[in-house]
Amino acid sequence: MRYLVSVIDDTTGSATRTESAAIDAFNDRLEAHGHWVFAGGLASPSSATVVDGCGVETILTDGPFLESKEYLGGFWIVDAVDLDVALELAAEGSKACNRRVEVRPFLGG
């Protein structure tokens, strides 16, 4: 089953060198053990554009959807046999990036 592990950040700076090295090592372990699907870091919320195509005309708004102290700083998509394994991986990822993370399964298993 695939899980989204979202990195919760509250700073606009990127990871430190030590954090980056730990994240790279964690990514290598994910790959070596068959859990790796995809991962990525995200630019700061100020670089976001909200696109609303629900109405007659599309509306583009600069900046994040919500103003918040915390935001999505990056993510991993992992394969795990169950939630327990996904949570173990998330704990390792949280330690590596030195930030809290949220784990959510993809719909449809």
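Guide: Serine 6 is found in strand S1, which spans residues 2–9. Please bear in mind that the model is predicted. Is serine 6 buried or exposed? Its relative accessibility is 9%, and a residue counts as buried under 20%, so serine 6 belongs to the buried residues. Which residues does serine 6 touch, once its neighbours within four places in sequence are set aside? The contacts of serine 6 are Leu72, Gly74 and Phe75, together with Arg100, Val101 and Glu102.

Strand S5 covers residues 71–79, and this strand also holds tryptophan 76. The structure contains 2 aromatic pairs. In one of them, the ring centres of phenylalanine 26 and tryptophan 76 are 5.0 Å apart and the ring planes stand at 85°. Planes over 60 degrees apart count as edge-to-face, so this pair is edge-to-face. Phenylalanine 26 belongs to helix H1, whereas tryptophan 76 belongs to strand S5, so the pair ties together parts 50 residues apart in sequence. Both phenylalanine 26 and tryptophan 76 are buried.

Two packed helices are described by the angle between their axes and the distance between the axes. Helix H1 comprises residues 17–32 and helix H2 residues 83–97; their axes come within 7 Å and cross at roughly 155°. Angles over 145 degrees count as roughly antiparallel, and H1 and H2 are therefore roughly antiparallel to each other. On the H1 side, the residues in contact are Glu19, Ala22, Ile23, Phe26, Arg29 and Leu30. They meet Leu89, Glu92, Gly93, Ala96 and Cys97 of H2. Sorted by class, this contact has 7 nonpolar residues, 1 polar residue and 3 charged residues.

Let us finally place these parts in the whole chain. The chain has 2 helices and 6 strands, and from the N terminus its elements follow the order β-α-β-β-β-β-α-β. Of the contacts with a separation of 6 or more, 76% link residues 24 or more positions apart. Of the 109 residues in the chain, 26% are buried, and serine 6 counts as buried too. The chain exposes about 7,500 Å², of which carbon and sulfur atoms supply 55%. Along the principal axes, the C-alpha atoms fill a box of roughly 45 × 35 × 20 Å.

Notes: Residues are numbered from 1 along each chain as its sequence is written. This is a predicted model: local features need pLDDT of at least 70, side-chain atom pairs count only at pLDDT 80 or more; totals for chains, interfaces and linings use all residues. Side-chain values use heavy atoms; hydrogens and water are left out. Axes are lines fitted to C-alpha atoms, for helices over the stretch in contact, and angles run from 0 to 180 degrees between N-to-C directions. Helices (H or I, at least four residues) and strands (E, at least two) are DSSP runs, numbered from the N terminus. Angles under 35 degrees count as roughly parallel, over 145 as roughly antiparallel, 65 to 115 as roughly perpendicular and the rest as oblique. Contact means heavy atoms within 4.5 Å. Ala, Val, Leu, Ile, Met, Phe, Trp, Tyr, Cys and Pro count as nonpolar, Asp, Glu, Lys and Arg as charged, and the others, Gly among them, as polar. Buried means under 20% relative accessible area, exposed over 50%, partly exposed in between (1.4 Å probe, protein chains only). Accessible areas come from the Shrake-Rupley method with a 1.4 Å probe; for residues, only the protein chains shown count as cover. Rings of Phe, Tyr and Trp (its six-membered ring) pair if their centres lie within 6.5 Å; planes under 30 degrees apart count as stacked, over 60 as edge-to-face and the rest as tilted.
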